[in-house]
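Here are my notes on this one, point by point.

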Amino acid sequence: FKIEETEKFFVERINVLGNNVTLESVIRNQIEIDEGDPFNQILYAKSINNIKSLNFFESVTGEILDGKEFNTKIININITEKATGEIFAGVGTGTTGSSFSAGLKEKNYLGKGITLDTNFALSENEVRGKFSVLNPNFSNSDRSLNTTIESTVSDFMSSSGYKTTRTGLSFGTGFEQFQDVYINFDVSNYYEKLVTSDAASDIKKKQEGDYFENLFLYSVTLNKLNQNFQPTDGFFTKFSQSLPIYSDDNSLENTLTASKYHSITENFLLAGKLFLKAVNSVDGDVRVSKRVYIPSSRLRGFESGKVGPKDGSQYIGGNYGAAVSFTSS
């Protein structure tokens with residue numbers, strides 16, 4: 001091996017072109033190198049990939065030109081913006097009944113990279129409403145700020161003899177504590193009411209009443225993916241825990257998710273994903289609304305919420321859930 005120092009180049013200027021809606025600061029926050037830094041081809045490629053991962057733009061391309069000064073480079077980043085907002089509404093019917101849903105979502109509100117999401121869903125057994133705001137870089141502090149307000153009414157009186165109403169809000173923040181290590185903190189407050197009839201099981205009858213909970217949630221994420229946009233190598237691991245500050249049932253929730261990607265050839269990719277979750281209560285049975293369900297993205301080919309323990313004809317979730325999946329592309 002012969003190791004020798006190559007000629008060094010420095011970044012004279014970085015130009016962002018084509019952003020008519022998105023603020024330039026939103027784009028520059030994704031760039032790994034700055035003007036005056038030594039030019040690094042790997043960080044340059046990672047910067048382009050970071051901008052693509054925002055999913056605000058139809059295309060993102062870069063070009064490297066010689067600078068006016070000796071041993072300098074000029075980086076031009078050309079973007080083509082696309083519509084980032086959507087309004088949707090849908091009506092459906094099937095073997096599980098009829099449903100209606102509508103919502104409004106904007107991923108780049110006011111060109112600041114803020115995500116707004118509001119939706120409403122109505123089915124024969126449930127009514128759901130949610131409004132959330134996520135600012136990934138609040139006041140240029142490199143910290144995210146999120147707020148969610150939601151309400152759910154689940155009426156299974158005719159089939160399982162119970163009805164639940166759950167309403168509340170949560171807010172939190174997230175940041176990169178160490179290189180590739182991200183921390184998130186959230187505080188939530190929810191009120192829930194459970195009503196039963198004679199047709200309900202003994203377990204649900206024991207849980208009938210009003211509940212208030214104030215929870216502290218935190219998560220630790222290790223991101224070793226080679227790129228956030230369509231990764232081809234590396235792994236991603238996240239552990240989260242929900243702790244009751246004040247709660248009428250004192251349940252503890254733990255979740256572990258992991259993903260691993262590996263390229264066999266340039267055009268052949270293998271991926272494996274793991275999902276583990278547990279919910280336990282120190283006061284007895286976990287409430288029906290807080291039990292574990294396998295997310296539909298983790299278990300393909302099954303109806304959402306239609307896997308696991310049943311009480312009569314109703315799926316009620318469990319204390320533990322696990323899913324492993326392998327994919328190739």
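1. Start with lysine 290, which counts as buried because its relative accessibility is 10%; buried means under 20% relative accessible area, exposed over 50%, and partly exposed in between, using a 1.4 Å probe and protein chains only. Before going further, a word on provenance: this is a predicted model, where local features need pLDDT of at least 70 and side-chain atom pairs count only at pLDDT 80 or more, while totals for chains, interfaces and linings use all residues. Residues are numbered from 1 along each chain as its sequence is written, and side-chain values use heavy atoms, with hydrogens and water left out.

2. A salt bridge here is a side-chain nitrogen of Lys or Arg within 4 Å of a carboxyl oxygen of Asp or Glu. Between glutamate 213 and lysine 290 the N to O distance is 3.1 Å. That pair links distant parts of the chain, 77 residues apart: glutamate 213 belongs to strand β11, and lysine 290 to the loop between β14 (268-281) and β15 (310-311). Strands (E, at least two residues) and helices (H or I, at least four) are DSSP runs, numbered from the N terminus.

3. Glutamate 213 also has a salt bridge to arginine 166, at 3.0 Å, N to O. Here strand β11 (residues 209-223) is linked to strand β9 (residues 162-178), with the partners 47 residues apart. Buried or exposed? Glutamate 213 counts as buried, because its relative accessibility is 1%.

4. Now for a salt bridge with another pair of partners: lysine 224 and aspartate 180 meet at 3.2 Å, N to O. Both sit in loops, lysine 224 between β11 and β12 (234-247) and aspartate 180 between β9 and β10 (181-196), 44 residues apart. Lysine 224 is partly exposed at 40% relative accessibility, whereas aspartate 180 is buried at 16%. The whole structure holds 12 salt bridges.

5. On to serine 154, in strand β8 (residues 144-156). Its relative accessibility is 8%, so serine 154 counts as buried. Its side chain makes a 2.8 Å polar contact with that of glutamate 126. For a polar contact, two N or O atoms lie within 3.5 Å; within protein, one must be able to donate a hydrogen and the other to accept it, and residues adjacent in sequence count only if both atoms are side-chain atoms. Leaving aside neighbours within four places in sequence, the contacts of serine 154 (heavy atoms within 4.5 Å) include Asn125, Tyr162 and Thr164.

6. How far is threonine 257 from leucine 274 in space? The C-alpha to C-alpha distance is 5.5 Å, though they are 17 residues apart in sequence. Not counting residues up to four places away, threonine 257 touches Leu274, Phe275 and Arg298, among others.

7. Last, the rings. A search of the whole structure finds eight aromatic pairs. Phenylalanine 39 and tyrosine 44 form a tilted pair, because their ring centres are 6.1 Å apart and their planes at 45 degrees. The rule: rings of Phe, Tyr and Trp (its six-membered ring) pair if their centres lie within 6.5 Å, with planes under 30 degrees apart stacked, over 60 edge-to-face and the rest tilted. Elsewhere, Phe175, Phe185, Phe216, Tyr218 and Phe239 form one aromatic cluster.
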